Amino acid sequence: MSDISPISYSDKTFKVIGTRPVRHDGADKVTGRALYGADVQLPGALHGKVLRSPHAHARIKLIDTSIAEKIEGVYAVATGKDWPDLVDKIADLGEGAVHLKDLSENCLAVDKVLYKGHAIAAVAARDVHIAEAAIAAIRVDYELLPAVTSVLDAMKPGAPILHPGLKTETLGQPSQGPTNIDRHVHFETGDIAAGFAAADLILEREFETATVHQGYIEPQVSTALWNEDGQLKIWTSTQGSFTARHQTAELLQLPISKVTVTPCEIGGGFGGKIAVYLEPVAAILSRKSGRAVKMTMQRDEVFEGTGPTPASFIRVKLGATKDGKLTAGQAYLAYESGAFPGGVIGPGTMCIFSCVELPNAVVDGYDVCVNKPKTQAYRAPGATQAAFAFESTFNELAEQLQIDPIAIRRINGVKEGSRRVDGPVYPRIGYLECLEAAQNSSHWNSPLEGPNQGRGIAAGYWFNIGLKSSVSASVNPDGTVNLLEGSTDIGGTRTSIAMQLAETLGIPAADVLPKVVDTDSIGYTDVTGGSRTTFATGMAAHKVGLKLLEQLTARAAFLWDCDPAEVKVDGDLYRWRDQQLTFKQLAEKLPSAGDPVVGHASVSPEGPTNGFGVHIVDVEVDPDTAKVKILRYTAIQDAGKAIHPSYVEGQMQGGAVQGIGWALNEEYFYGDDHKMRNASLLDYRIPTCLDVPMIDTIIVEVPNPNHPFGVRGVGETPIVPPPGAIADAIFQATGVRATRLPISPPRLWKAMSQLAK
Amino acid sequence: MQDFDYAAPISTHEAVQLLADPGHKAVVLAGGTDILVLLRERRRRATLVVDVKKIAELNELAMTADGGLFLGAAVPCSRIYREAAITEKYAALVDATKIIGGWQIQSRATVGGNLCNASPAADSIPPLAIYDAVAEIAGPNGRRQMPVADFCSGVGKNVMARGDLLVAIILPPIEARSGAAFQRFIPRNEMDIAVASAASLVELDDQGIICKARIVLGAVATTAVRASHAEEALVGQPPSDELFAQAGALAERSARPIDDMRGTIEYRKHLCGVLTRRTLAIAVERAQSKTQ
Ligand SMILES: Cc1cc2nc3c(=O)[nH]c(=O)nc-3n(C[C@H](O)[C@H](O)[C@H](O)COP(=O)(O)OP(=O)(O)OC[C@H]3O[C@@H](n4cnc5c(N)ncnc54)[C@H](O)[C@@H]3O)c2cc1C
């Protein structure tokens with residue numbers, strides 16, 4: 001943990017915000033008492049298991065569950081036949097429309113399997129061993145179909161088609177004929193031809209990135225209990241209890257009020273725990289068996305059956321004058337959406353040029369179905385691939401023009417008033433301030449210390465969203481405040497939200513007692529995702545704080561028998577003439593001061609909060625084996641205002657480490673049979689603690705004008721710069737410009753030996 | 001996981017009887033770090049699991065009368081690298097035991113299990129082979145010994161038959177002026193499986209000339225392979241970086257690797273050269289430090 005204070009561009013001072021109190025959930029976690037999904041043990045609960053496809057693409061001719069059903073101890077078997085009729089049903093899940101039929105078929109296939117690991121049937125049994133035996137006893141007859149697992153192959157004419165009815169949507173218009181491309185995004189600004197004509201140097205480069213997984217440590221786990229009264233209760237590991245409720249209710253065609261979702265403590269999500277997998281299946285099994293059903297995935301099921309983030313192909317063309325001013329940019333991005341339409345091409349196309357002012361630009365993006373698991377969000381979904389391509393090309397441009405990489409970024413960098421090529425104009429943002437911090441950092445100003453070393457730099461951007469949040473709060477007579485929230489806490493948000501309420505009330509963070517509650521107990525709250533929670537739910541906490549303040553002032557006035565307008569509040573002190581009460585003293589008197597002090601608040605802030613980051617990395621490349629060692633790493637980011645700086649640093653470090661894994665070794669490795677070969681943490685190589693140095697952090701604070709304390713989202717941006725920065729450092733060390741992720745030792749060694757020839 | 005019976009015999013004789021029982025499909029459990037995974041993932045079937053950790057003989061770790069090493073088949077890695085006498089003499093074996101898994105794995109995992117499991121990438125097998133280690137096997141028809149180099153017969157296969165139990169691995173004594181080293185290449189820095197590995201042993205004469213060399217490569221064929229041409233090129237030569245590089249190039253030719261998610265054929269061959277070169281340099285350094 002770094003104790004360097006943030007570089008602040010604000011003169012506001014705070015009492016609680018910016019300090020580093022002990023986290024509220026800390027004691028439970030370090031003593032092992034926090035209740036995760038796996039800890040839910042309902043009386044008489046059955047264990048559910050899923051049968052998964054061994055094939056990448058096949059038609060299901062027959063599913064025979066009769067033998068499995070007869071096994072002693074088996075209580076229920078479910079297949080795709082158990083879905084209600086969902087044809088043409090669309091649900092708006094807050095993050096865009098979802099075809100319910102696709103969602104259901106991803107949870108339990110109906111007539112086709114579209115990837116190895118695709119769920120086909122599920123069993124509930126007395127214990128997990130019986131359930132496994134029953135799964136093995138289910139007979140499935142397949143008609144094998146040709147498969148395609150690469151985005152460019154899937155776009156070719158004559159490619160195996162996943163969904164015969166799929167049409168490409170371009171600017172809202174559907175195409176003719178069968179295709180795997182479900183969406184074509186296009187936007188342009190200025191005059192691209194004139195822009196390139198004005199350039200002294202034009203570079204065009206192609207990049208590929210592999211499918212990678214979020215790699216959360218806790219596998220998906222859900223328990224469902226479908227009561228005789230028709231009420232369905234679910235305990236699950238999810239980023240969003242309300243979206244889990246909404247998806248489950250829609251898939252089962254239940255009124256939403258019939259479903260209660262209790263979010264358990266969560267062992268990571270990173271975007272991968274928004275879509276449901278087990279929840280509706282456990283519910284069906286529970287309905288059929290009349291018992292609670294608990295389902296837990298194994299690691300191979302997590303890799304093969306849940307959503308990774310897309311592999312991609314990207315082409316970037318940049319033009320610049322000889323003094324480094326960009327004149328034009330063109331990008332072509334093809335992202336895999338996986339087995340079903342609806343990938344993250346949108347944000348990819350919007351992020352690719354998001355760090356530079358570009359007067360003339362054209363961007364085309366394609367979202368393409370392939371025989372891999374349906375992709376899902378992963379920390380700044382779609383942005384890392386795009387940034388790797390853009391930042392790498394930009395670094396090469398700088399090198400060829402002999403301009404310092406920070407200087408070229410300052411020449412072209414976006415600031416307040418700059419227009420992103422997809423349209424929006426930035427409000428006050430902190431990108432140039434991050435570059436300045438990088439320029440002044442001790443890392444950038446210290447020399448490399450040996451041979452085969454190189455230093456790289458890259459920037460990254462993520463929108464960060466607002467969406468809807470609700471909280472409620474009540475003042476206890478001992479001077480503490482209960483704070484209920486609907487935001488599942490993944491990265492310490494109970495504390496960062498509680499601190500904003502504490503600041504508003506002028507009381508210590510420890511006196512706010514935050515609690516994440518179920519969907520029956522709090523107003524609607526969107527997912528913990530999009531780096532929104534500390535920002536948006538924090539806004540709701542501030543808002544509820546103001547409501548409590550107003551009531552507290554009224555109660556003080558009641559006690560003093562004065563006009564509330566005459567009561568002055570200063571921090572935790574309430575004053576009228578020579579009378580004064582601290583918050584705590586006032587709380588003690590509340591039982592005899594009229595109505596209890598409680599409040600509810602909800603918010604739905606719109607527009608992005610715009611997070612920028614700049615990363616610097618030093619590597620050493622073994623000249624014989626091409627193994628890359630990360631020697632030193634500094635992540636710099638505009639947090640707007642770091643509520644709890646340690647958690648902001650933690651986010652920056654965690655994102656950087658995930659980006660390092662993505663850059664160097666992580667990939668879904670497919671055989672010629674289109675099956676994943678490395679569905680385990682042995683061969684899917686997430687960095688271990690021996691593979692990364694301490695990640696240094698520099699927090700920059702350019703306050704977000706649209707938040708009472710200036711907060712911007714911080715969780716996602718830090719995964720965006722690493723691959724570009726690392727590729728740059730590898731180039732400086734070896735002379736190889738890596739254009740394909742991961743830059744694994746065999747691949748880099750090959751490129752280094754070709755360069756030597 | 002499948003249902004099975006569990007037995008923990010306290011004598012070799014009893015264990016062999018259990019393993020030979022025709023009414024059972026029995027497997028041996030030593031540290032369990034391979035077998036439990038295999039059973040759980042249904043890659044192996046068993047109706048009886050025979051835990052051999054309670055057998056005294058298999059837990060023995062001692063220098064033999066002639067100065068060699070008796071390494072009981074149930075001795076965990078962590079005991080091996082804590083023993084000063086072993087770290088001094090069998091440095092390459094110690095190199096391997098220190099990198100098998102992490103601390104937790106090393107406290108359970110045995111070299112015997114590593115050998116019996118017969119993974120092409122097993123880290124202890126190349127070091128055992130360069131020391132000319134011998135496997136002592138007890139079976140229904142008595143005891144026999146065979147060179148470790150001949151013990152594995154394919155990926156996950158060894159020469160033992162029903163009822164056979166590996167009792168110990170016996171390492172012959174080490175010549176005074178010899179040194180050895182083991183290295184593997186993994187993309188990460190721990191918890192990974194060898195993309196390629198090499199163990200080298202050299203013995204120096206009074207003049208410091210190499211008079212014996214052993215090089216065994218791992219993870220580049222179905223079983224560990226000896227790099228005989230490289231060994232031959234070393235004998236009779238004074239050690240030098242050029243010589244090690246030459247031996248490395250020859251070692252590459254002994255490798256018969258496959259392409260997979262861990263590496264390509266050409267990369268693995270290349271690594272054999274690099275690791276041979278590097279382990280030779282350390283082995284010679286260790287030999288020289290002993291002669292001084
Ligand atoms: C997380 C993790 C990391 C690992 N890392 C490494 C690594 O870095 N390098 C490496 O080489 N391996 C590694 N392994 C594999 C494993 O730990 C080793 O192969 C270990 O040495 C096996 O020893 P064991 O005592 O646990 O064997 P067990 O699992 O008990 O047995 C292995 C096999 O040998 C048989 N067997 C065992 N003892 C006898 C005997 N006396 N007679 C007859 N048959 C016997 C068993 O029936 C089984 O088939 C790792 C495993 C895990 C789970």
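Chain B has an average pLDDT of 96, and 99% of its residues score at least 70, pLDDT being the predictor's confidence in each residue on a scale from 0 to 100. The model as a whole scores ipTM 0.95 and pTM 0.96. This is a predicted model, in which local features need pLDDT of at least 70 and side-chain atom pairs count only at pLDDT 80 or more, while totals for chains, interfaces and linings use all residues. Residues are numbered from 1 along each chain as its sequence is written, chains are lettered from A and ligands numbered from 1 in the order in which they are written, and side-chain values use heavy atoms, with hydrogens and water left out.

Chain B is divided into domain 1 (5-51), domain 2 (57-171) and domain 3 (179-290), with bounds that come from an automatic or database domain assignment.

In chain A, one open sheet has seven strands in the order β4-β8-β2-β17-β14-β15-β16, and its pairing is mixed. Strands here are DSSP runs of E with at least two residues, helices are runs of H or I with at least four, and both are numbered from the N terminus; two strands pair if DSSP finds at least two bridges between them. Because β4 (74-79) and β16 (259-263) of chain A each have a single partner strand, they stand at the edges, and one side of each is left without a neighbour in the sheet. The twist from one strand to the next averages 20°, axes being lines fitted to C-alpha atoms, for helices over the stretch in contact, and angles running from 0 to 180 degrees between N-to-C directions. Within this sheet, strand β14 (residues 221-226) and strand β15 (residues 232-236) of chain A run antiparallel and are joined by five bridges, and Ala224(A) stands opposite Ile234(A) in β15(A). Helix α4 (residues 128-136) of chain A packs on the sheet, where it touches β2 (46-52), β4 and β8 (119-125) of chain A, and its direction makes about 30° with that of β2(A). Helix α7 (residues 241-252) of chain A also packs on the sheet, touching β14, β15 and β16 of chain A, with a direction at about 145° to that of β16(A).

A further open sheet of chain A is formed by five strands in the order β1-β31-β30-β29-β21, again with mixed pairing. Its edge strands are β1 (7-8) and β21 (453-462) of chain A, each of which pairs on one side only. Strand β29 (residues 611-621) and strand β30 (residues 628-638) of chain A run antiparallel and are joined by nine bridges, with Ile616(A) opposite Thr634(A) in β30(A). By contrast, β30(A) and β31(A) run parallel and are joined by six bridges, and here Tyr633(A) stands opposite Ile695(A) in β31(A). The pairing of β1(A) with β31(A) is likewise parallel, over two bridges, and places Ile7(A) opposite Val700(A) in β31(A).

Helix α17 (residues 645-664) of chain A lies across β29, β30 and β31 (695-701) of chain A, and runs at about 125° to β31(A). Together, β30(A), α17(A) and β31(A) make a right-handed β-α-β unit, a crossover being right-handed if, with the strands pointing away from the viewer, the path from the first strand over the helix to the second runs clockwise. Strand β31(A) is mostly covered, six of its seven residues being buried, where buried means under 20% relative accessible area, exposed over 50%, and partly exposed in between (1.4 Å probe, protein chains only).

Ser337(A), found in strand β19 (residues 326-338) of chain A, counts as buried because its relative accessibility is 0%. Not counting residues up to four places away in sequence, Ser337(A) touches several residues, including Asp182(A), Asp367(A) and Cys369(A). Ala473(A), in strand β22 (residues 469-475) of chain A, is buried with a relative accessible area of 4%, and beyond its neighbours within four places in sequence its contacts include Val481(A), Leu501(A) and Val597(A).

Technical notes: Contact means heavy atoms within 4.5 Å.
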